[in-house]
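Subject: The model we talked about

Hi,

Here is the structure I promised to pass on.

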Amino acid sequence: MSDALINGLAGAGGGIIAQLITYPLQTVNTRQQTERDPKKDTRSQGTLERMCQVVKEEGWERLYGGLMPSVVGTAASQGVYYYLYQIFRNKAEAAALQQKKMGVGDGSVGMLSSLVVAVLSGSVNVLLTNPIWVVATRMQTHRKELNRTPADQGLLVSTEQPILSAVEHLPYGTSQVIQEIYSEAGILGFWKGVLPTLIMVCWK
């Protein structure tokens, strides 16, 4: 087994374990970042308070909404990154040794070459796995619609015009999310946000 494959598998395994442990926190964090309802004041809520609110209103399962695509995305991202990094690193080391034979350099990979290797690995990784993260983020931010009683509905109609909720009823599975994204923006919808992500990879 090659070093690249070993590093890829190790990265994927470590990423999956970390994802399973921290996923509820990631769900709450993603919701706080994407909350767009001006009538809701969640700025003063702490992480634990927000987590308890999600459990109370939507159930424990919503803390793990989108877990499967997220785990797949983590495994793919970590595995692809470390696999590609080792391959590009090997090529950089081979090129450095070749230059040493020609009397240029000392045969070691320089800082610039290491930076290029990291940027290339990260960029290819983003381009390959961005669709998975788009699906996972959509599932994380999906909210379970609260059931209204007929009395509540009557009060809503009598006091103000009903506001259509953007949330949908469960279940909200991976296949449904994929169809939803495709119907909204086509195949390019799965690469939403890829440019800022690539910029962040280059500046890390």
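This is a predicted model: local features need pLDDT of at least 70, side-chain atom pairs count only at pLDDT 80 or more; totals for chains, interfaces and linings use all residues.

Residues are numbered from 1 along each chain as its sequence is written, and side-chain values use heavy atoms, with hydrogens and water left out.

Let me start with the fold. The protein has seven helices and zero strands, with helices (H or I, at least four residues) and strands (E, at least two) taken as DSSP runs numbered from the N terminus. Contact here means heavy atoms within 4.5 Å. Among contacts between residues at least 6 apart in sequence, 78% join residues at least 24 apart.

UniProt, in an unreviewed entry, places a "transmembrane region" at residues 111–136. UniProt positions are in the numbering used here, feature names are shortened, and annotations may be inferred rather than shown by experiment. In the model, residues 111–136 are 100% helix and 0% strand, with the end C-alpha atoms 35 Å apart.

Next, the packing. A nonpolar core is a set of buried Ala, Val, Leu, Ile, Met, Phe, Trp, Tyr and Cys residues joined through side-chain atoms within 4.5 Å. The largest one has six residues: Val-134, Val-135, Met-139, Val-177, Ile-181 and Phe-190. Helices α4 (111–141) and α6 (174–185) each supply at least two residues of this core, and the largest share, three residues, comes from α4. Leaving aside residues up to four places away in sequence, Val-135 touches Pro-69, Thr-174, Val-177, Ile-178, Ile-181 and Phe-190. Apart from this core lies another, of five residues, among them Val-28, Val-54, Val-55 and Leu-63.

I also looked at α6 by itself. Its buried residues are Val-177, Glu-180 and Ile-181. They cover an arc of only 95 degrees around the axis, which puts them on the same side of α6; the arc is that of the directions from the helix axis to the C-beta atoms. What covers these buried residues includes α4. The face of α6 turned away from its buried side carries the exposed residues Ser-175, Gln-179, Tyr-182 and Ser-183. Tyr-182 has 52% relative accessibility, and it touches Ile-187 and Phe-190, not counting residues up to four places away in sequence. Just after α6, Gly-186 takes a positive phi of about 75 degrees.

Finally, the aromatics. Rings of Phe, Tyr and Trp (its six-membered ring) pair if their centres lie within 6.5 Å; planes under 30 degrees apart count as stacked, over 60 as edge-to-face and the rest as tilted. The count comes to three aromatic pairs. The rings of Tyr-23 and Tyr-64 have centres 6.3 Å apart and planes at 20 degrees, so this pair is stacked. Because Tyr-23 lies in α1 (residues 3–34) and Tyr-64 in the loop between α2 (47–58) and α3 (67–101), the pair ties together parts that are 41 residues apart in sequence. Tyr-23 is buried, at 0% relative accessibility, whereas Tyr-64 is partly exposed, at 38%. Ring pairs also link Tyr-81, Tyr-82 and Tyr-85 into a cluster.

Best wishes

Technical notes
Buried means under 20% relative accessible area, exposed over 50%, partly exposed in between (1.4 Å probe, protein chains only).
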